[in-house]
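Subject: Structure handover

Hi,

Here is the structure I promised to pass along.

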Amino acid sequence: MKDGFITCAVASPTVRVADTAFNTASILTLIREADEKQVKLLVLPELVTTAYSCADLFLHKRLQQGWEAAVSAILEMSRDIDMLIVFGSPVMVHGSLYNCALSIHKGRLLSVVPKRHLPNYQEFYEKRWFTTPRPGNEELTLFGQKTWFGTNLLLTCTTLEEFVVANEICEDLWVPLSPSTSHALAGATVLTNCSASDELVGKEEYRRSLVASQSAKLVCAYLYSDAGQGESSTDLVFTPHDLIYENGQCLAESIDVSDKLLLTEIDVQKLQLERLRLQSFGAGQADYVRIPFTLDIGECTLTRPIDRAPFVPSDERGREARCEKILGLQSLGLKKRLEHTHCTSVVVGLSGGLDSTLALLVAVRAFDLLGLDRKRIVAITMPGFGTTKRTKGNATKLAESLGVELRTISISKAVGQHFKDIGHDPTVLDVTYENSQARERTQVLMDLANTLNALVIGTGDLSELALGWATYNGDHMSMYGVNSSVPKTLVRHLVRHVASISEPSLKKVLLDIVNTPVSPELLPAKGDGTISQVTEDLVGPYELHDFFLYQAIRWGYSPAKIYRLACRAFSDVYEPSVILLWLNTFYSRFFSQQFKRSCLPDGPKVGSLALSPRGDWRMPSDASVALWKAQLAELGNL
């Protein structure tokens with residue numbers, strides 16, 4: 001339960017119709033296994049104590065005695081087990097029979113939630129046996145215990161306040177206004193569904209889409225447990241389909257598997273942080289009873305997938321589709337800006353690196369959409385003290401392959417004169433030496449754009465903006481920043497994607513650019529003419545920084561949680577000490593460089609995260625990083 005993670009499981013025990021002793025044994029076996037695996041939340045199917053398909057046998061006293069004995073046995077066994085157990089059973093209340101979800105913890109019957117929507121169409125006729133509950137809650141005695149019975153009940157964990165559980169049952173999910181909607185609005189972060197959904201052609205896909213959609217729109221974890229093997233086949237066929245979703249993402253799924261735990265970890269802290277950001281939840285708590293329970297806090301072993309490249313789809317088809325979508329959004333954003341300003345020309349500083357290459361590719365697409373001549377795209381190479389033949393050559397080949405105008409303007413003499421003007425020794429390779437070149441390049445681009453009635457297209461990407469890896473009023477500035485919400489790890493894939501659909505000569509140069517080390521080339525090249533200033537040697541690997549950025553800004557995680565996730569995601573790449581080093585760097589730079597992000601040019605948002613002051617992120621330029629660094633210091637002492 002540390003960091004908001006909770007080990008949970010759903011399962012579909014094998015049942016025998018109306019054989020409550022057999023069913024109880026199946027249930028208890030799964031509970032024991034779940035306890036051994038330190039599961040904190042276990043969800044089992046609808047009417048699992050009796051089987052769903054008992055039909056008129058539900059009305060027999062002998063079966064009623066059987067399910068009462070089953071519930072009593074589960075209560076007794078759970079006394080020494082630190083686990084919230086949710087399962088389905090018939091329950092008799094005030095002389096009426098209800099189809100219920102029962103929640104048990106350490107021998108205590110916390111709640112009994114009746115099914116609100118009883119299907120009575122096609123193959124279903126539940127109203128023949130069960131009663132539709134009245135809205136509201138009632139405290140009464142069931143199975144020898146005082147408990148709550150009702151439709152508006154929330155189970156709240158006292159040791160992890162973000163862990164709030166509510167129950168619905170099978171058909172409740174399928175109706176237009178599911179009970180889980182009001183549960184989530186009242187504060188439930190975890191929804192359980194004890195279900196017995198018969199199998200039909202196409203139903204598997206629809207069931208999956210329902211769970212995915214409900215978990216996404218309610219920003220919750222949704223645990224769906226389906227009826228297992230052994231249900232009657234008189235009229236229907238039941239095949240288990242168990243699902244665990246979190247905010248629209250499938251964490252675990254099993255199909256046609258009985259008597260086996262489907263196990264993963266849900267992150268309720270993540271869900272609560274997202275709800276805080278959205279401000280759409282917590283409004284409907286007045287009619288709810290909150291029932292406390294206490295789980296022991298422990299550090300669960302993480303088995304859920306942790307993507308080391310959260311901005312980049314892992315599957316090739318999804319990645320290519322994402323790349324095409326982003327290129328389209330960037331191009332449409334620039335197209336609109338050109339139309340609004342009545343500009344028919346743009347200026348791009350072309351270095352032969354990844355970012356400027358992507359900016360040029362976007363400009364070309366925007367001009368093609370507008371039906372403008374590509375020759376009105378002016379690509380400027382501005383060789384300086386650190387420019388290498390490889391990047392200069394690639395810039396030239398790229399411009400020629402794309403059919404844009406190419407101009408070369410050396411900045412060496414202008415910067416040399418500037419050094420004389422300000423009294424700087426050109427042999428001192430300090431920040432003045434570097435930034436003077438970046439600002440001279442920006443001046444060239446801006447002034448040339450004025451002469452051409454053109455817009456200067458910015459090339460800086462999201463990762464550079466997060467780290468402040470840009471010269472203030474140098475490459476930091478433009479008239480429209482097309483890459484401003486594209487992280488560095490994705491820039492490489494975008495360029496590679498364009499290469500994959502390009503003719504051979506363009507493909508060749510694009511792939512060489514992809515394989516060129518990222519560098520601002522502001523320091524003299526090595527003796528062999530290769531790049532001497534490699535960005536990732538100075539600020540750290542971009543794959544780590546993009547991971548940190550996503551977890552810290554998109555989800556608001558603490559440094560300790562990010563460190564834990566990174567150590568697992570990159571366990572085969574970086575030592576923990578290396579991860580901690582660059583995580584320190586990330587926080588130091590992110591906080592200290594906010595002043596650059598506070599005055600950025602416009603740029604299109606293309607993903608879930610942007611740092612524009614007019615986009616998702618607003619932060620004081622003088623905020624202290626002390627609180628975050630203090631936790632990192634503690635990690636360093638582990």
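**What I found**

H424 is buried, because its relative accessible area is 13% and the cut-off for buried is under 20%. Keep in mind that this is a predicted model. You'll find H424 in the loop that links α10 (412-422) to α11 (431-452). Its side chain makes a polar contact with the side chain of D430, at 3.3 Å. Not counting residues up to four places away in sequence, H424 touches F419, D430, T432 and Y433.

Another loop residue I looked at is G460, which sits between β19 (455-458) and α12 (462-467). So is G460 buried or partly exposed? With a relative accessible area of 23%, G460 is partly exposed, because buried would need a value under 20%. Leaving out residues up to four places away in sequence, G460 touches N483 and S484. There is also D355: G460 and D355 are 105 residues apart in sequence, yet their C-alpha atoms are 6.4 Å apart in space.

Now for the inside of the protein. In soluble globular proteins, nonpolar side chains tend to be buried together. Here the largest nonpolar core has 86 residues, and the members touching the most others are L334, L398, L510, F548, L549, Y587 and F590. Helix α8 (residues 354-370) gives this core its largest share, ten residues.

Finally, the overall picture. The chain has 638 residues, and 56% of them are buried. It contains 20 helices and 20 strands, and its C-alpha atoms fill a box of roughly 100 × 55 × 45 Å along the principal axes. Of the contacts with a separation of 6 or more, 74% are between residues 24 or more positions apart. The accessible surface comes to about 26000 Å², with 52% of that belonging to carbon and sulfur atoms. As for charge, there are 64 positive and 72 negative side chains, and the centres of the two sets lie 5 Å apart.

Cheers

Conventions
Residues are numbered from 1 along each chain as its sequence is written. This is a predicted model: local features need pLDDT of at least 70, side-chain atom pairs count only at pLDDT 80 or more; totals for chains, interfaces and linings use all residues. Side-chain values use heavy atoms; hydrogens and water are left out. Helices (H or I, at least four residues) and strands (E, at least two) are DSSP runs, numbered from the N terminus. Buried means under 20% relative accessible area, exposed over 50%, partly exposed in between (1.4 Å probe, protein chains only). Contact means heavy atoms within 4.5 Å. Accessible areas come from the Shrake-Rupley method with a 1.4 Å probe; for residues, only the protein chains shown count as cover. Lys and Arg count as positive and Asp and Glu as negative; His and the chain ends are not counted. The place of a charge is taken as NZ of Lys, CZ of Arg, CG of Asp or CD of Glu. A polar contact is a pair of N or O atoms within 3.5 Å; within protein, one must be able to donate a hydrogen and the other to accept it, and residues adjacent in sequence count only if both atoms are side-chain atoms. A nonpolar core is a set of buried Ala, Val, Leu, Ile, Met, Phe, Trp, Tyr and Cys residues joined through side-chain atoms within 4.5 Å.
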